[in-house]
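Subject: Structure for you to look over

Hello,

Here is the structure I promised to pass on. Please open it alongside this message.

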Amino acid sequence: MLKRFLAVLAILVMATFVLAACTGGNGNDEQAGTAPGDPPATTPADPPGQTGDISAAPTGPAGDTTRTDFTILVAALPVSMDPIQSNDNASSMVNNMLYSTLIYQSSVDLSVHPSLAESWEFVDAQTLNMVLRRDVVFHNGDPMTAHDIKFSIERGAVSDQVEIILGMIDSVTVHNDYEFTIHLDFPFAPILSHLAHPAAGILPMNHLQGILDSMGEEDGLAHFADNPVGAGPFAFNSIVLGDAVTLVRNNNYWGHLPVIETLIYRLVPDPSSRLMAVETGEAQFAQAVAPADIAVAEASPNVTMMRRPNMTIHYIGFNNNRAPFDDYRVRQAIHYALDTRGIVQNVFMGAGAPAQGPLSSQVWGFHPTPSFDLGSQGANFERAQELLTEAGFPDGFDAAIWWNIPNTQRSTIAEMVQFQLGQIGINVSIHSYEWPQILDETERADGEHEMFIMAWGTVTGDPDYGLFPLFHSSNHGGAGNRTFFSNDEIDRLLDAGRLETDPAARLPIYAEAMEVIRDQSPWVFLWEGEELHAVSNDMNGLILNPAGHHNFATVWFE
Amino acid sequence: MHKYILRRLLMMIPVLIGVMFIIFVLDYIRPGCPSRVILGEAASPEAIARVREELRLDDPFLIRFGSFVGNALTLDFGRSWQTNRPVFQEIFARFPNTMQLAGMSVIFALLMGVPLGILSATKQYSIFDIIANFTGLLAAAIPNFWLGMMMVILFGVNLRIFPTSGWGTPMHWVMPVVAIGASSAAIIMRMTRSSMLECIRSDYIRTARAKGQKESVVIFKHALRNALIPVTTVAGLTFGALLGGAVLTETIFAIPGLGRFMVEAISQMDQPLVQGGVLLIAISFSLVNLLVDILYAFIDPRIRSQYR
């Protein structure tokens, strides 16, 4: 009797949990047909003539909208709301709304357009003349002049945190309140895309100087970062540490006024929790849906998935300083032997796509250089074996692959690489390190790394940012080139890309560089990441930015 | 009693110095360079060197440890290397939330565990006892975070009774408190039950009954008071452990607490934050233990007489 009772009880309890688990994923399957990659059907493309306008936007009649507050659930809050004190994606996302930049980079095709700078002219690849708009005021009421530009840009130029974005700037010469010249340390044609990055946001000189004078350097900088003042479409309202940042509409915005009045970035670290909060209407935007949850989101009647390939490329790097990886035939052999399509499908569960080269397809000037012709098999063991034999390793060799804890996706990649390379006699051992340690170990010229899994995001959208730090021989080690790859042809091409200010003339330079990189194979190109966000069905007007710098000022609800 | 408390407080000093030494040594010998983590995958050697200099990472061990202890004595843990905010500000923005979550969870566990434990001890082998034991075993075996997830799906998404995540209003508190408290409630229930059973069978209870005391007085005054000692220990230890943060539960419910924050600080090598946070947790854990020991004295006069 007792046994039977207990059995029934146990079944009941389990059934409750199973029910709870199932009902979460059960929903309206009709929505699942939304074509992946499509923004919601109602999203207007950048209207003609407004493509370049950061304010290009709320096309919905303001009177019809029901919602004026917009809650965005993010995986991380900004490290700093001072544009130059940090260079993380979470900070860029918020700073992009707080500050205006000289240049606006269209989310549609990453072309550059006037923003605070009305017009510009390259004197040469090292000198840039610009004219500032006259109608810009900061959130605190100060009018913006060329002096603010000089102040903001020059402090960015000496900031260690954003060195990679603004470090090439030498100085700014102010001619009058609205005309100035930017001087660079060396010829650097991609400067416009760098000036469009949120790290180049313009802030009020007198305001910050006043804070620094009264509070001292250290306290003043910390104070400003938690009470930021810019000239963007939204102004800072409040921050609750570890919880949320709230912005309010800047009613004196120099561009089109956003429809949204309150913009809340709330931290919800768990991706499933973010998605559920959008399903219940507690929020309208869930950043970075987990690949495993895509089907759940697409089946939910209240939620639309917004997807777009992003700027991140995951790769397996080879230490070119270390035998046998100093032989390009060995690197190519591994390229041939790996079924990257299979790896991507297994590890990322349908999110993103196999990388088509060292750069994401979203980067300006992208030229597809996929892995060698691998046929439908995904890998070509015969060719791999031939190359290994040519290189003097007919029976393979021992090698190590490194990944960083706790990135379990990379652990799975390492296991699949181990299995696949085993087929051509390469015995791969897997080593895991913490992130700080893997950074440290892979930057030494005599480092013991052989193969390692990492990723790189080309956040400026310009091929220079995605290639120069990683493949130019002047950047060996911690500066970005952790494979210690050296190639005169690549150095020449990457230098030329920086010198050439005519966009049309830069395109073939980078196309050639990408082909040389593919043939030399310092990397195996693995995976192109994807922006995967779940939004509430009534949200309109957002065009995802592949660098993650989404312009929420254009959003409206109906 | 006062002397005892004072002595215990003084004993905390060597404990805390030991804790500081261990945190510091662990941070010191840990491979990897914090300036590298701050600046990311691609930063010039010059920038790395400047940041190392700024953070004084190249100073000798004893100088760094000395300045850490010196600053800690004045409660100055410096600034977070990541956010540049004072460590004190970062930690005390989150510690109250963690305290609140831990406190409410332990209270919930006591409110559930003690009465159920008494009931199942006094009605041993009844159907109630069996159900309570079975449920208790189940609750103790289910991981907190999984229970939390299931609750979010059922009560948050499907029934829409509680908000799925966040912290601030009482409606936000219910699910995390239950998710964390359930297993502690089960442990406390089982502890109360076994310790009550032991007391009920002892001679002084027989004596109390023999002299004609009402059953309720026998149970609540004579038996329970003795049975509460181990329960207090468990509740105290649970509370202390929760002060370090319930990392997974905090993550699922997006609670701005100390646990997840500390884990992030460790992975970011944010040494001032880690050192300040661990020290604070160590202090609170020691204080909670002391509080539990003082509570013993109030529950059991025999123990009080030993506190000299």
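Predicted model: local features only at pLDDT ≥ 70, side-chain atom pairs only at ≥ 80, totals over all residues.

**Chain A overall**

Chain A has 558 residues, and 59% of them count as buried. Its secondary structure comes to 17 helices and 19 strands. The accessible surface of the chain is about 20300 Å², with 51% belonging to carbon and sulfur atoms. I also looked at contacts between residues at least 6 apart in sequence. In chain A, 71% of these join residues at least 24 apart.

**Helix H10 of chain A**

Start with this helix, which spans residues 328-337. Eight of its ten residues are buried, so the helix is largely enclosed by the rest of the structure. The buried residues are A:Val330, A:Arg331, A:Gln332, A:Ala333, A:Ile334, A:His335, A:Tyr336 and A:Ala337. What do they pack against? Three strands of chain A take part: E12 (303-318), E16 (451-457) and E17 (523-536). Helices H12 (381-390), H13 (408-422) and H17 (503-520) of chain A are packing partners too.

**Strand E9 of chain A**

A:Thr246 sits in strand E9, residues 244-249 of chain A. Is A:Thr246 buried or exposed? The residue is buried, at a relative accessible area of 15%. That follows from the cut-off, because buried means under 20%. Set aside the neighbours within four places in sequence. A:Thr246 is then in contact with A:Phe236, A:Asn237 and A:Ser238, and also with A:Thr262, A:Leu263 and A:Ile264.

**Salt bridges**

The search over all chains gives 32 salt bridges in the whole structure. Side chains of opposite charge can pair when their charged atoms come close. Three pairs deserve a look.

The first links the chains. B:Arg50 forms a salt bridge with A:Asp160, and their closest N and O atoms are 2.6 Å apart. The pair runs from helix H3 (residues 45-54) of chain B to a loop of chain A, between helix H3 (146-157) and helix H4 (163-166).

The next is within chain A. A:Arg492 and A:Glu489 meet in a salt bridge, 2.9 Å from N to O. Both belong to helix H16 (residues 488-499) of chain A; being three residues apart, they are separated by about one helical turn. An α-helix has 3.6 residues a turn, so residues three or four places apart point the same way. A:Arg492 counts as partly exposed, at 44% relative accessibility. A:Glu489 is partly exposed as well, with a relative accessible area of 29%.

The side chains of B:Asp58 and B:Arg52 meet at 2.9 Å, N to O, in a salt bridge. B:Asp58 counts as exposed at 54% relative accessibility, while B:Arg52 is partly exposed at 24%. Elsewhere, salt bridges with shared partners join A:Asp226, B:Arg85, B:Glu90 and B:Arg94 into one network.

**A charged patch on chain B**

Which residues form the positive surface patch? They are B:Lys211, B:Lys221, B:Arg225 and B:Arg304. B:Arg304 is found in helix H14 of chain B, residues 301-304. This arginine is partly exposed, with a relative accessible area of 38%.

Best wishes

Terms used
Residues numbered from 1 in each chain as written. Chains lettered and ligands numbered in written order. Heavy atoms only, no water. Patch = residues over 30% accessible without salt bridge, like charges linked within 9 Å, V, L, I, M, F, W, Y side chains within 5 Å. Areas by Shrake-Rupley, 256 points an atom, 1.4 Å probe, with all protein chains shown as cover. Salt bridge = Lys/Arg side-chain N within 4 Å of Asp/Glu carboxyl O. Lys, Arg positive; Asp, Glu negative; His and termini not counted. Charge placed at Lys NZ, Arg CZ, Asp CG, Glu CD. Helix = DSSP H or I, 4+ residues; strand = E, 2+ residues; numbered from the N terminus. Buried < 20%, exposed > 50% of the residue type's maximum accessible area, 1.4 Å probe, protein only. Contact = heavy atoms within 4.5 Å.
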